[in-house]
Structures are given as C-alpha cells and as structure tokens.
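Biologist: Let us go through this model together. Keep it brisk, please.

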Amino acid sequence: MEDKVVLVTGAARGLGAAVAEHLAAAGARVIRTDHAFTGHEEQGKIALDVTSTASWERCAEMVREEFGRLDVLVNNAGISSRADLLTTSDEDFDRVLRVNVWGVWRGIKTFADDLAAVRGCVVNVGSVYGASTAPVSEISPSSVAYQASKAAVHQITKVASVELASRGVRVNAVLPGVFRTALLADLPEAELSRRVQRAPMGRPGELSELGPVVAFLADEASSFVTGALVPVDGGHLAA
C-alpha cells in the first residue's frame, strides 16, 4: 500500500475509521471522508455527503488538485433503520438506500476514469446481512432497509467488476459479520449475543480485523481477484 492514494467514505468512526487507520499504517496516503467533517476540513479529511452528486464532484476536484490521482476507493459509508418490513417508513427506506446503495454507485461513477487511469480498484463494504437474514425479535426488528441495501451493494460490486474489467479496474466487496460499531450500539447485550452466536467462532469481530482484508483486496497481491464478495464474519455465512 506504500504511497497509494486511498479514499475511504464514512471514515469518522467505526469500521471506516479503523480501515483508514490500517491503510495509513501500511503506507497509504489516506483521504478520510465523512459528512461529519463539515465546517472545518483538516489535512486528509474531506466533508462528503454521499447522497449528493455535487458533494461527490467537489470531493473529486479536491482529490485531483491535492493528490493528482486516486488508486483505491473504499465505499464504506452506511446507515441503518431499526424497523421491520411493515413498520419501516417510506422516508427511512429511501434514506437508507440513498446512502448505502446510491452512494456506492455514485462514488464508483465519479471516480471511474481516475481509477482507470492508474488501473486502480474499488472495495465496497457489504454485510453478511445482505446475504442472510438477521435474528428478529420485538427488541431487534429486521432492519429490512439495511439488509436490502447491502444485497444491492453486493450486486453493484459484481456488475461493476464486469463492466470495468476492460478498463483495468477491479471491484470487490468485504462482508463484515457482527462487529461492535455504532450501528449495533442500540441493541441490548442479549440481542447482540444472539447475533454473535450465529458465527461458529462465537465472538464479534475486532475493528482491527477488517482493515487487513481491505488492504489485500486493494493491493497488487490480489491482482487477479475481482467481483469477489469476501466474508469477514467468523464463519457466519458458512454456517
């Protein structure tokens, strides 16, 4: 990753922050982006609203001006709505899909030419809950919008990998299992445990365990890997 220019969305906290830290430690020049960075942009941080074309275009201009290129795009930004199929509001469903799906598509579209110029790559952050269902209870409803959005991210990954292969751009996704992040902070310990126990390893992932997998997919070591959905889930999907 030495000297690679990498942009990570949703990098203010959680998995995004951990991935950005790992890539920076590996020698990459990391551009951290997040809507939370509004007001004052520090070096290496850019305010980005992934639901806005204008915001993406402004971000791209800043990247080109300061770095001259982009080698890796990590589409990590994501939100959830703790509601089931029948109680999710129209507004919440639209909001989750706008961030989690539209934002990924718009990011790839915005930087496709930049990535093609350097034979770069995209790493999307999907979820095991885009390929399986979460435990459901009165305390922990299905979060149907989140699960649908992550399934869409997986399919965008495959489509983009096919369409951009001729331009030298690889597109892969990591599928995190249960990690202790803000998206699960509202769950009681017993409900979190139900999710954790679905994985044979029987524990949540550590924040430090996702970055190395992203780094592998972003590095030349994976130069023949594209269109892959890589679980980082303690065996959740295998079980």
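Biologist: How does W105 count by relative accessibility: buried, partly exposed or exposed?

Modeller: This is a predicted model, where local features need pLDDT of at least 70, side-chain atom pairs count only at pLDDT 80 or more, and totals for chains, interfaces and linings use all residues. Residues are numbered from 1 along each chain as its sequence is written, and side-chain values use heavy atoms, with hydrogens and water left out. Buried means under 20% relative accessible area, exposed over 50%, and partly exposed in between (1.4 Å probe, protein chains only). At 37%, W105 counts as partly exposed.

Biologist: How many aromatic pairs does a search of the whole structure find?

Modeller: Rings of Phe, Tyr and Trp (its six-membered ring) pair if their centres lie within 6.5 Å; planes under 30 degrees apart count as stacked, over 60 as edge-to-face and the rest as tilted. W56 and F111 have ring centres 6.3 Å apart and planes at 75°, so they are edge-to-face. W102 and W105 have centres 5.6 Å apart and planes at 65°, so this pair is edge-to-face. The search total is two.

Biologist: Which residue lies over the face of W102?

Modeller: A charge sits over a ring if NZ of Lys or CZ of Arg is within 6 Å of the ring centre and within 35 degrees of the ring normal. W102 itself counts as buried, at 18% relative accessibility. At 3.7 Å from its ring centre lies R98.

Biologist: Which residue lies over the face of W105?

Modeller: The distance from the ring centre is 5.7 Å. The residue is R106.
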